[in-house]
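Please take a look at the protein shown here.

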Amino acid sequence: MNEIPLKERMKIERHPMPAQLPKERIENFDEVNLGYSLQIAQKEAQRCLQCKDAPCTKGCPVNVHIPEFLSRIIEGDLLGAADVILNDNFLPAICGRVCPQETLCESVCVLAKKGKPVAIGNLERFTADITTDLRSEREMEGIADPTRKKVALIGSGPSSLACAGDLARFGHSVTVFEALHAFGGVLVFGIPEFRLPKSIVNYEIDVLRRLGVRFEKNIVIGRTILLNELMTEEGYDAAFIGAGAGLPYFLGIPGEELIGIYTANELLTRINLMKAYKKESETPVLSYKDKVVVVFGAGNTALDSARTALRMGAKNVFIIYRRSEAEMPARREEVLHAKEEGVEFIFLASPLEFMGNEDGWLTEVKLQRMELGELDNSGRRRPIPIEDSDFTMEVEMAVIAIGNGTNPLLRNTPGLEFTKRGTLKVNQDTLETTKPGVFAGGDIVTGGATVISAMGAGRKAAQSIHTYLSEQ
Ligand code: FAD
């Protein structure tokens, strides 16, 4: 129970997340945020006003009972706090680090009206980290007897991981098929180590392994083996498609093929998965040392690319965005961290053409100034080109981070229907696709979204798959 009177609670200032100093952290790939101590966590939890209608819980896509877990932290019952979170959120150490809390639970906290909501994400992360070892003792509890039903999960991102956990607890035999050589989806190949240490993702995967989930790598469903073959020849009773949205969009402007231009996918995958920042790497990326780098886009992927380039020794890194700072979709914390680290921002500018030298290397980019017009379908003000406003910038490297579409590999599967955007059509209540027994969730259904929404979809699909299998 929070025994501090309400008035006093409202006077407590929000506790900032301790972090590595900007000068030091751009020299390494270690996690920037250092986490709360128990003392800070308890003080921060005391700021919660314990609102009866808990708007924060409603603002969370998986409805974690936030005031309840904060009360447990105050009482010092950390395992109890973890239990409350784990009831709804299977990956708290991950979500505590990467969820856009400022647009979800924290945005509707009553204290947000004064600009300082309870630091729910930091407290979720604290609870998950401090109870890691204690939780492992309980992970085998509540597993149903084996059902002998086999479920194939395609992709190993957060949607599949969450789905796998629930299906294993229902007693089903689960196999996750991953196209790459590492498991975790964007959590391992997209989000850099300095925001989300891979040891945390690997820990969660090991929990699933202990629950009996099998992981198969280097298997591309739709190429190595077809989904239909899995269902008919390999004896799978149901399937979940969590294949994400990993196909990068290009700018479609002249010069995009010049040497020195990367997609964010390529840059981040090579850095994260293939350790391409190390000299001894088998597939090093071109040296960013002392280079001028421009990154196009303004989401988390763009920010991750810019901050990765800085850590690889770039002299100057510019984010170039056709709208203004207010429309940036990236998490606020990432924008703040990027600014502290020295990333520069050029707003209201859009690329027209890349120029290169006779050897095919990028040397310049031509840009055009923009202004903001009326709101568009995305609810943001539309960027409109300003005539005769072209200017050029000397650059040596460019990264394109303007979003991803869904991978076409599964589009040849008979029975599966896709939207015009290339996302999978599903029944919104059950997440079953147009092919009986095949369910889907995460970015392959919504287009690029968030870890928590993918995870929520994975859990919802697991419930539907369980119902489907029980009726067979
Ligand atoms: P993914 O995580 O994309 O995983 C899909 C997996 O399926 C991949 O491993 C892929 O290799 C595999 N696969 C694809 N096709 C096949 C096939 N045919 N056969 C076998 N395997 C296949 N969200 C946040 O909430 N916070 C953030 O801070 C954040 N930062 C991000 C940073 C970056 C760089 C990127 C790219 C995204 C970020 N996101 C963030 C978005 C978030 O990571 C995604 O919304 C989420 O990972 C989607 O999960 P998923 O399970 O649908 O797919």
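## Phe347 and its contacts

Two residues are in contact when heavy atoms of theirs lie within 4.5 Å. The model is predicted. In this model, Phe347 touches Tyr321, Arg323, Ser324, Glu325 and Met328, leaving aside residues up to four places away in sequence. Phe347 belongs to strand β9, which covers residues 344-347.

Buried would require a value under 20%, and exposed a value over 50%. Now compare Phe347 with Gly184. The two are 163 residues apart in sequence. In space, 33 Å separate their C-alpha atoms.

Next comes strand β14, made of residues 397-400. Which way do its residues point? Met397 and Val399 point one way, while Ala398 and Ile400 point the other way. All four are buried. The general rule is that side chains in a regular strand alternate between the two faces of the sheet.

Strand β14 pairs with β6 and with β7. Strand β6 spans residues 261-263, runs parallel to β14 and is joined to it by 3 bridges. Here Thr263 has Ile400 of β14 as its bridge partner. Strand β7 spans residues 292-296 and also runs parallel to β14, with 4 bridges between them. On this side, Val293 stands opposite Met397.

## The ligand and its shell

How many residues are around the ligand? There are 35, and Val98, Ser159, Glu178, Arg195 and Ile221 come nearest. By class, the shell has 18 nonpolar, 12 polar and 5 charged residues.

For Ile221, a polar backbone atom is 2.8 Å from a ligand nitrogen. For Val451, the distance from a polar backbone atom to a ligand oxygen is 2.9 Å. For Pro158, a backbone N or O atom is 3.3 Å from an oxygen of the ligand. On its own, the ligand has 1000 Å² of accessible area, and the protein covers 94% of that. Which elements give two or more residues to the shell? They are α10 (158-169), α11 (186-189), α15 (300-311) and α18 (451-470). The most come from α15, which gives 3 residues.

How values were computed. Residues are numbered from 1 along each chain as its sequence is written. This is a predicted model: local features need pLDDT of at least 70, side-chain atom pairs count only at pLDDT 80 or more; totals for chains, interfaces and linings use all residues. Side-chain values use heavy atoms; hydrogens and water are left out. Buried means under 20% relative accessible area, exposed over 50%, partly exposed in between (1.4 Å probe, protein chains only). Two strands pair if DSSP finds at least two bridges between them. A residue is near a molecule or strand if one of its heavy atoms lies within 4 Å of it. A polar contact is a pair of N or O atoms within 3.5 Å; within protein, one must be able to donate a hydrogen and the other to accept it, and residues adjacent in sequence count only if both atoms are side-chain atoms. Accessible areas come from the Shrake-Rupley method with a 1.4 Å probe; for residues, only the protein chains shown count as cover. Ala, Val, Leu, Ile, Met, Phe, Trp, Tyr, Cys and Pro count as nonpolar, Asp, Glu, Lys and Arg as charged, and the others, Gly among them, as polar.
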